[in-house]
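Subject: The structure for you to look at

Hi,

Here is the structure I promised to pass on. Have it open while you read, and I'll walk you through what turned up.

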Amino acid sequence: MAVAPEQRFRSTGESHVSPLVEVDNLTKSFPAAGGATPVLRGISLEVPPGQFLAVVGPSGSGKSTLLYCMSALEAATTGRVRILGRDTGSLGRGAIAKLRRDHLGFVFQSYNLIPSLTARENVALPARLARREISAADVDRALAEVGLAERAGYRPSALSGGQQQRVAIARVLAVRPDLVFADEPTGALDTESGAQVLDLLAGVARAGEGRSVVMVTHDLEAAARADRVLVLRDGVIHRELIHPKADDVFAAVAGAS
Ligand SMILES: Nc1ncnc2c1ncn2[C@@H]1O[C@H](COP(=O)(O)OP(=O)(O)OP(=O)(O)O)[C@@H](O)[C@H]1O
Ligand SMILES: [Mg+2]
């Protein structure tokens, strides 16, 4: 589903597109000796369908924490996170696990593949764990989408880093999640492998199926591939850029350091 530019932002009451994620005045603190340390200090944002959103900012600014809160891997300290219209704060652990399993996909810098399983078995694993049917054709299609049809029988140790990350993305594609969360997905990759991974992530959001991608990255060129870039500083959104050029992202982050 294409999203009109005027519908990309926070809802003002006029938007007719329901956001996939709504974050309202989110704070997150971690307990520490001498009192709680605030990491996120009042974040509000929405992710509409069909958007590739990047989050950048200095190390320690709270990017990963925001991603984990937005994807219900971490609970908010205060404020609200709604995913697909459901208030995650009012869901029990089982319901959150089901929401994640059925609707969310994750890609991390460390590919998190099981070394003893082949690429094909790794891709099929989430569905198997969820006791959901996944056909061999679906698995092979996901591997073909990431250009690894010929390596479906290989174990991770026989694949390059870029290929392993593409298996991790195939694992996400195979379950067709509404939302993909990626934390530094290109962090361990060379430029060319990173570009392939970004193409795949951008493709998820741009397939016209209303699926969105939220990507945390240090790579400002990568961020410039997104539709929208949020610059975090000290746990708040410092800047928001729409379809920025790489130079705009560099300038905004320089201003956030
Ligand atoms: N589980 C935790 N317990 C205590 N403090 C934490 C925890 N997770 C994160 N923090 C702190 O929160 C702050 C933000 O961390 P976060 O990982 O979100 O930053 P980041 O922007 O992703 O940084 P980087 O770019 O280095 O990955 C840091 O000061 C970190 O030490
Ligand atoms: Mg991080």
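Let's start with the sheet. Four strands make up an open sheet, and going across it the order is β2-β1-β4-β5, with antiparallel pairing. At the edges sit β2 (37–47) and β5 (86–87), each of which pairs on one side only. In case the idea is new to you: strands of a sheet pair through backbone hydrogen bonds, either parallel or antiparallel.

One thing before you go on: this is a predicted model. The average pLDDT over the chain is 91, and 94% of the residues score at least 70. The stretch to be careful with is residues 1–14, where pLDDT stays under 50. The model has 24 contacts beyond four places in sequence for residues 1–14, but where pLDDT is low, the predicted coordinates should not be read in detail.

Back to the sheet, and to β1 (residues 21–30). β1 pairs with β2 over 8 bridges, in the antiparallel sense. With β4 (residues 78–83), β1 is again antiparallel, over 5 bridges.

Next, the ligand. Which residues surround ligand 1? They are Phe 30, Val 39, Gly 57, Ser 59, Gly 60, Ser 61, Gly 62, Lys 63, Ser 64, Thr 65 and His 218. Which helix gives the most to this shell? That is α1 (residues 63–70), with 3 residues. Sorted by class, the shell has 8 polar, 2 nonpolar and 1 charged residues.

Last, a pair of helices. α3 (residues 119–129) packs with α5 (residues 161–174) at an angle of about 35°, and their axes are 8 Å apart. The crossing of α3 past α5 is right-handed. On the α3 side, the residues that meet α5 are Ala 119, Asn 122, Val 123, Pro 126 and Ala 127. Their partners in α5 are Val 167, Ala 170, Arg 171 and Ala 174. The class count for this contact is 7 nonpolar, 1 polar and 1 charged residues.

Cheers

Key
Residues numbered from 1 in each chain as written. Chains lettered and ligands numbered in written order. Predicted model: local features only at pLDDT ≥ 70, side-chain atom pairs only at ≥ 80, totals over all residues. Axes fitted to C-alpha atoms, helices over the stretch in contact; angles between N-to-C directions. Helix = DSSP H or I, 4+ residues; strand = E, 2+ residues; numbered from the N terminus. Left-handed = near helix turned anticlockwise from the far one by under 90°. Contact = placed C-beta atoms within 7 Å. Nonpolar A, V, L, I, M, F, W, Y, C, P; charged D, E, K, R; others polar. Pairing = 2+ DSSP bridges. Near = placed C-beta within 6 Å. pLDDT = per-residue confidence, 0-100.
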